[in-house]
Amino acid sequence: MLTNDQLAHWDRESFFHPSTHLSQFARGEAPQRIITGGEGVFITDRDGNRLLDGFAGLYCVNAGYGRRQITDAIAKQAHELAYYHSYAGHGTEASITLSKMVMDRAPEGMARVYFGLGGSDANETNIKLVWYYNNIRGLPQKKKIISRWRGYHGSGLVSGSLTGLELFHKKFDLPLSQVVHTEAPFYYRRPDPAMTEADFTAWLLAKLEETIAREGADTIAAFIGEPVLGTGGIVPPPVGYWQGVQEILKRHDILLIVDEVITGFGRLGTMFGSQHYGLQPDLITIAKGLTSAYAPLSGSIVGTKMWDVLCQGTDENGVFGHGWTYSAHPIGAAAGVANLKLIDELGLVENAGKVGAYLRRAMTDAVGDHPNVGEIRGEGMLCAVELTSDRATRASFDPMGSVAPKVAGEMLKRGVIARAMPQADMLGFAPPLCLTTDEADQIARVTGEALRATLG
Ligand code: PLP
């Protein structure tokens, strides 16, 4: 085995890490962690630390680490047939079975699932489907996409444009001109503290109407949103938001793309977030929980209304010119089949709802009274602790985003991984869906210790 020093050196000089401060990392100033194993909600690193992963990797290891049912299925598939493509009607038992399992679990009104590799490429696919759809309908002007500030939809060209965080735009020449952003449904950051939640929803809906009027409904093809804002702050929507948004979109013939990369397959305590909030999507983005990240796989679930037009498009224009070499990769598909079975067998969807609610209660008991905690929120197995320098004014720390990484660092020393959310004073939690109440208590206790160690 390589020594830690050798690996550490190669890492610094060879590896271009995503979402990393490149020069600090190369100079050895930014941290480095080499992960070696995982079991349940814990991971281990090469320095011998055992850490409770309060973020399930990147909200993705829904079934937990070290699941033999999934790894055996991957090994079996690799031995039998590691790869074949899915172009021109080809498939494998795993890819066909997985598509049936996904459609059996999908909300009503969905027709087919297209498989990709990750959430970003699934959203690239979605926007191409939307554009194709309106071209076939003879509406070539109707192409813009409305997204929300603080939304996260990936970091490709279109998907990075849909993302509503400056970090993913600045110096990349994004967002592309076809993407328009509207207000984030973030009640804690409402423009006027006197607003009730219902007032705030009404304000958000008015802003959306304004955006549509300004751009012209005949130029807007789709609206994209996560049921609960994820990377933008783990923010559940205010009361009545989704009902109001859907009513507006229907009135203006605007498609709804629901990005369920985080919420799909159980995280909110329902199979999909769409079911949790009564959404009727035209397209659903899936990834992460589809395979619990045991292998890369994503998907676009296409609603019947769009599917019929896509079929008409191929009758008029021939073969659908879209696909990746690795679409529906058999190893990813085998992981997906085993993972979805396991989620059912272990009752993880139900556990996410129950233990997620327990985690937020435990967190409130542990840190709810701390003067620098502005809010504790979440839904299902998602929890955020909003930090503020002044509870009364809800002011940010100076500079914004400087404190959460320190708290997360203190938590790491105490054996728990939390995520300091980007461009914010927030700690995020999205543990594996198999979390127990004892493990939830451990997360909450360590958050309290770390907060007091950092801020007093
Ligand atoms: N959509 C959402 C809601 C996400 O949270 C993410 C990733 O965190 C993506 C899309 C992008 O997925 P990926 O990183 O697999 O490209």
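# A viewer tour, from sheet to loops

Select Leu 52: this residue stands opposite Val 416 in E13. You are looking at a predicted model, in which local features need pLDDT of at least 70 and side-chain atom pairs count only at pLDDT 80 or more, while totals for chains, interfaces and linings use all residues. Numbering starts from 1 along each chain, following its sequence as written.

**Stop 1**

Show strand E3 (residues 50-53) together with E13. The two run parallel, joined by 2 bridges. Pairing here requires that DSSP find at least two bridges between two strands. Element names refer to DSSP runs numbered from the N terminus: helices are H or I with at least four residues, strands are E with at least two.

**Stop 2: two domains**

Colour domain 1 (33-63 + 347-455) and domain 2 (69-345) separately. These bounds come from an automatic or database domain assignment. Between the C-alpha centres of domain 1 and domain 2 the distance is 26 Å. Across the boundary, 30 residues of domain 1 are in contact with 27 residues of domain 2. Contact means that two C-beta atoms, placed from the backbone, lie within 7 Å.

Stay on the domain 1 side that touches domain 2. Helix H3 (56-59), helix H13 (348-367), strand E11 (373-378), strand E12 (383-387) and strand E15 (426-429) each give two or more residues to this side. H13 has the largest share, 5 residues. By class, this side of domain 1 has 16 nonpolar, 9 polar and 5 charged residues. In that count Ala, Val, Leu, Ile, Met, Phe, Trp, Tyr, Cys and Pro are nonpolar, Asp, Glu, Lys and Arg are charged, and the others, Gly among them, are polar.

**Stop 3: the nonpolar core**

Which residues have the most contacts inside the largest nonpolar core? Select Ala 335 and Ala 404; the core itself has 126 residues. Such a core is a set of buried Ala, Val, Leu, Ile, Met, Phe, Trp, Tyr and Cys residues joined through C-beta atoms within 7 Å. Both domain 1 and domain 2 give residues to this core, so it lies between them.

Zoom in on Ala 335. Setting aside residues up to four places away in sequence, Ala 335 touches Ile 70, Ala 73, Ile 74, Thr 291, Tyr 294, Ala 295 and Leu 297.

**Stop 4**

Select strand E9 (residues 283-286). In a regular strand the side chains alternate between the two faces of the sheet. Here Leu 283 and Thr 285 point one way, Ile 284 and Ile 286 the other, and all are buried. A residue is buried if 20 or more other C-beta atoms lie within 10 Å of its own, exposed if 12 or fewer, and partly exposed in between, with C-beta atoms placed from the backbone.

Asp 259 stands opposite Thr 285.

**Stop 4: the ligand shell**

Centre on the ligand. It is surrounded by 15 residues, the closest being Gly 118, Gly 119, Ser 120, Gly 154 and Val 261. A residue joins this shell if its C-beta atom, placed from the backbone, lies within 6 Å. Helix H6 (residues 119-136) gives the largest share, 3 residues. The shell has 5 nonpolar, 8 polar and 2 charged residues.

From Val 261, go to Gly 278: these two are 17 residues apart in sequence and 17 Å apart in space, C-alpha to C-alpha. Gly 278 sits in the loop between helix H10 (273-277) and E9. Beyond neighbours within four places in sequence, Gly 278 is in contact with Trp 242 and Gln 243.

**Stop 5: backbone details**

Go to the loop between helix H7 (157-162) and strand E6 (179-182), where Pro 175 is placed. The Leu 174 to Pro 175 peptide bond is cis, with omega near 5°. Lys 171 lies in this loop between H7 and E6 too. Its phi is near 70°, positive in a residue other than glycine. Is Lys 171 buried or exposed? Lys 171 is exposed, with 6 other C-beta atoms within 10 Å.

Compare Ala 56 in helix H3. Ala 56 has a positive phi of about 45°, although it is not a glycine. With 28 C-beta neighbours inside 10 Å, Ala 56 counts as buried.

Finish at Pro 399, in the loop between E12 and helix H14 (404-413). The bond from Asp 398 to Pro 399 is cis, with omega near -5°.
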